[in-house]
Amino acid sequence: MQSSKRGFGQAVVIGGSIAGLLSARVLSDHFEKVIILERDPFPEGPEARKSTPQGRHIHALLEAGLKVLDGLFPDLVQELVREGVDIVDLARDAAWLQSGSWKARYEGGPQSILVSRPFLEWKVRGRVTALPNVEVKQGFGVEELLTDAARTRVTGVKVKGPDGEQTVEGDLVVDSSGRGSRAPHWLELLGYGRPEEEHVGIDLGYTSRFYERPAGFDDWKILVVNGRAPEARRAGFISNVEGGRWIVSLNGYFGDHAPTDDAGFLEFARGLPTPHLYEYIRHAKPLTAPVSHKIQASRWMHYEKMARFPEGFVLLGDAVCALNPVFGQGMTVIGLGARLLGEQVAQARNSSGGLHQGLGRSFQKELSKIIGTCWFLTTTLDLAHPQTRGKRPIGLKGLLWSVQNMIDLTSLDVKSCMAFYDVLHMRKGVEGLLQPGFVAALMAYNAKSLVVPREKRANLTTLPPPPGRKRSPAPPDQQDAAA
């Protein structure tokens, strides 16, 4: 159905989490009406939802994701800052032990915001639901896809809601329902078969809680501690969030999960690769009890490889690829996927073929390119653990050796750290690591690693001070004692 004002008639979005909200936002520019179908009721305020248990744990937004957010909601970041959210220079404000070596700190790194997932989702939801052509239906679970007689085009969904079963028509249906997506089953019932699934088993456990943030502390705004695989299985994070709080998340692989009692939580933190995080929280005031969440595997559903794919249907977010959250790429990939969806619908609007001339297949293929780099980087490091379940590529040992050397190089060489951050935060693609200066520095470091012990060619022990300071930051209780 065509509409002279916005181009298309009605779109249906399955799921009201971040992926669904951003999808609805980009579709609102091109459809007369966008309907979000959410199984669970939304909370009144910035509270974690049952359907997003990961929301109670630390979340990161890479610079590329922040730019998407700022582009879709031009004054949202400023509003967040006014309400206590920190906007940060991650090279300056982050103290990061990555794979056992501390990142160099300098001015001019990628920007991000430090915010809890429920607070960010609440703010985004408020913006999206305020749009005049967006309607949210809460308490509606999608039962199946509806199609035309030939089963070549999705025309809507059958839902079960408070008043029983009904149908909701849509010129485009977007599945952003997360890991629990039923799309593989739906597509199989329609005769399309199931997508190829790729899994990397990590048996990851997160345990998180909030603390009161020490007054006046500014040596870092986010602390990340993760050791070098395969020796280290644990990692820990402290991040400023709104409300003058710290969120502290402890995670471990392969069943080594942080307990949810006070003493066990602290003891797990004591067992991290360095004592820094433990020292910062052992005298801090807890505000909430620890809560846990477990993830068995990273998973990628390869819809882009399917031999046939219906028109009028796309998927994004965790419904397609659920990355290891330790690496903090999930929300950024969702944001980039939503932006891509908006771009492709805009192209369809300006073409003679409209929505139903290969948009679904084209979108899934282009989305796979965004996912591919992130999947490669995260799973490569996860496969350094012998317990990780997944296909190991030929040459993995040599690749890991070079990647670990690259990480160690960034602990002392600022220019190399800049190149690394440019790729990590998607300022550049992987080609950013192929620049002559970076390649020369890494080759020289690789050669050096053959003859110089690691502890003499990387910063493994000293938490770097913020730029302009000479001393390493001390935990707040030690600073108070010194004063």
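Modeller: Start with α10, which lies across β13 (196–212), β17 (291–302) and β19. Helix α10 runs at about 125° to β17. Axes are lines fitted to C-alpha atoms, for helices over the stretch in contact, and angles run from 0 to 180 degrees between N-to-C directions. Helices (H or I, at least four residues) and strands (E, at least two) are DSSP runs, numbered from the N terminus.

Colleague: What should I know about the model itself?

Modeller: It is predicted: local features need pLDDT of at least 70, side-chain atom pairs count only at pLDDT 80 or more, and totals for chains, interfaces and linings use all residues. Residues are numbered from 1 along each chain as its sequence is written, and side-chain values use heavy atoms, leaving out hydrogens and water.

Colleague: What is the strand order in the open sheet?

Modeller: The order is β6-β5-β14-β15-β16-β13-β17-β19, 8 strands with mixed pairing. Two strands pair if DSSP finds at least two bridges between them. The edge strands are β6 (101–102) and β19 (321–322).

Colleague: How many bridges join β15 and β16?

Modeller: There are 8, in the antiparallel sense, between β15 (residues 234–241) and β16 (residues 245–252). V241 stands opposite R245 in β16.

Colleague: Back to the helix. At what angle do α10 and α11 pack?

Modeller: About 100°, with the axes of α10 (residues 359–382) and α11 (residues 396–409) 10 Å apart. That makes them roughly perpendicular (65 to 115 degrees).

Colleague: Which residues make the contact?

Modeller: From α10, F376, T380 and L381; from α11, L396, L399, L400, V403 and I407. Contact means heavy atoms within 4.5 Å. The residues divide into 7 nonpolar, 1 polar and no charged.

Colleague: Now cysteines. How many disulfides?

Modeller: The count is 0, with a disulfide taken as a pair of cysteine sulfur atoms within 2.5 Å.

Colleague: Is C374 buried or exposed?

Modeller: Buried, at 2% relative accessible area. Buried means under 20% (1.4 Å probe, protein chains only). C417 is buried too, at 0%.

Colleague: Which peptide bond is cis?

Modeller: The one from A229 to P230, with omega near 5°. P230 is in the loop between β14 (222–226) and β15.

Key
Buried means under 20% relative accessible area, exposed over 50%, partly exposed in between (1.4 Å probe, protein chains only). Angles under 35 degrees count as roughly parallel, over 145 as roughly antiparallel, 65 to 115 as roughly perpendicular and the rest as oblique. Ala, Val, Leu, Ile, Met, Phe, Trp, Tyr, Cys and Pro count as nonpolar, Asp, Glu, Lys and Arg as charged, and the others, Gly among them, as polar.
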